[in-house]
Amino acid sequence: MRHHDHELDPTTLHTPEFWDDRYGSTEALWSGRPNQRLVENVSGLTPGTALEIGCGEGADAIWLAQQGWTVTAVDVSKVAVERAAGHAAEADPVAAQRITWRQQDLREWAPEPASYDLVTEHFLHLPSAVRVPQHARLAAAVCPGGTLLIVGHHPGDNETLQRPHPDDLFFTPEEEASRLAADDWDVSATSPTRPALDPDGNEVVLTDAVVCAVRRG
């Protein structure tokens, strides 16, 4: 999540109105490429039903559909969902038919339990009081044998990058993994790094917080 300092009002940061304004302020907010951790962790899976949370402008959902997944892609912003649907139709009309786009307030929305072979969320940073129950709802949506993939920015980068965000928005993979019952899940919690550019265009190394868990059947 990247914002200008003047926009960081914690009372509005996660609302549909905030994100409609953010997406409406530019033609492209993100790169248009699928997230690296999604490609790494999902490429070897057998396609089935996928739920993508925080779909933004649609790159991850489009990539999943192109791999054969039937995707439900959800975002808090109506502007983002409409833009994503347009991108999908332009990029790959066949894959676009395998995507259902939905606008929902992700702070509250609950997907149908045990309904998806894959549930994935990338870089959606909510306050812990909202994130913990939200992630529990996502975990509940994974069917037996399915995969839960949650990726965020690692809090270890906060001081180095001087992020203008409350520390409570970030989590370690171990922290998130500990909330999944060991009897029900096979869990991997890792902190891989990747090269990137900071807001000033300088080369930096970022650390991701990655939880990849398979629900036991």
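## Stop one: a pair of helices

Start by selecting helix H1 (residues 16–24) and helix H4 (residues 78–91): their axes sit 7 Å apart and cross at an angle of about 45°. That angle makes H1 oblique to H4. Now show side chains where the two touch: Asp20, Tyr23 and Gly24 on the H1 side, and Lys78, Val79, Ala80 and Arg83 on the H4 side. Colour that contact by class and you get 3 nonpolar, 1 polar and 3 charged residues. Keep in mind as you click around that this is a predicted model.

## Stop two: the two sides of H1

Stay on H1 and pick out its buried residues, which are Pro16, Phe18, Trp19, Arg22 and Tyr23. Look down the helix axis: they span an arc of only 160°, so they lie on the same side of H1. The general rule behind this kind of pattern is that an α-helix has 3.6 residues a turn, so residues three or four places apart point the same way. What do the buried residues of H1 pack against? Select strand S2 (70–75), H4 and strand S3 (99–103), and you have the answer.

## Stop three: a residue on H4

Hop over to Ala85, which is in helix H4. Run a distance from Ala85 to Arg102, C-alpha to C-alpha, and you'll get 10.0 Å for two residues 17 apart in sequence.

## Stop four: the cores

Next, the largest nonpolar core, with 29 residues. Select Leu51, Ile53, Leu106, Val119, Leu148, Leu180 and Trp185, the ones with the most contacts inside that core. The elements giving it two or more residues are H1, strand S1 (49–53), strand S4 (116–122), helix H6 (128–140), strand S5 (142–153) and strand S8 (203–215). Zoom in on Ile53: beyond its neighbours within four places in sequence, its contacts include Val74, Leu106, Trp109 and Leu138. A second, separate core has 25 residues, among them Ile62, Val71, Ala96 and Val151.

## Last stop: zoom out

Show the whole cartoon and you'll see 8 helices and 8 strands. Of the 217 residues, 48% count as buried. Among contacts with a separation of 6 or more, 69% link residues 24 or more positions apart.

Note on methods
Residues are numbered from 1 along each chain as its sequence is written. This is a predicted model: local features need pLDDT of at least 70, side-chain atom pairs count only at pLDDT 80 or more; totals for chains, interfaces and linings use all residues. Side-chain values use heavy atoms; hydrogens and water are left out. Axes are lines fitted to C-alpha atoms, for helices over the stretch in contact, and angles run from 0 to 180 degrees between N-to-C directions. Helices (H or I, at least four residues) and strands (E, at least two) are DSSP runs, numbered from the N terminus. Angles under 35 degrees count as roughly parallel, over 145 as roughly antiparallel, 65 to 115 as roughly perpendicular and the rest as oblique. Contact means heavy atoms within 4.5 Å. Ala, Val, Leu, Ile, Met, Phe, Trp, Tyr, Cys and Pro count as nonpolar, Asp, Glu, Lys and Arg as charged, and the others, Gly among them, as polar. A nonpolar core is a set of buried Ala, Val, Leu, Ile, Met, Phe, Trp, Tyr and Cys residues joined through side-chain atoms within 4.5 Å. Buried means under 20% relative accessible area, exposed over 50%, partly exposed in between (1.4 Å probe, protein chains only). The arc is that of the directions from the helix axis to the C-beta atoms.
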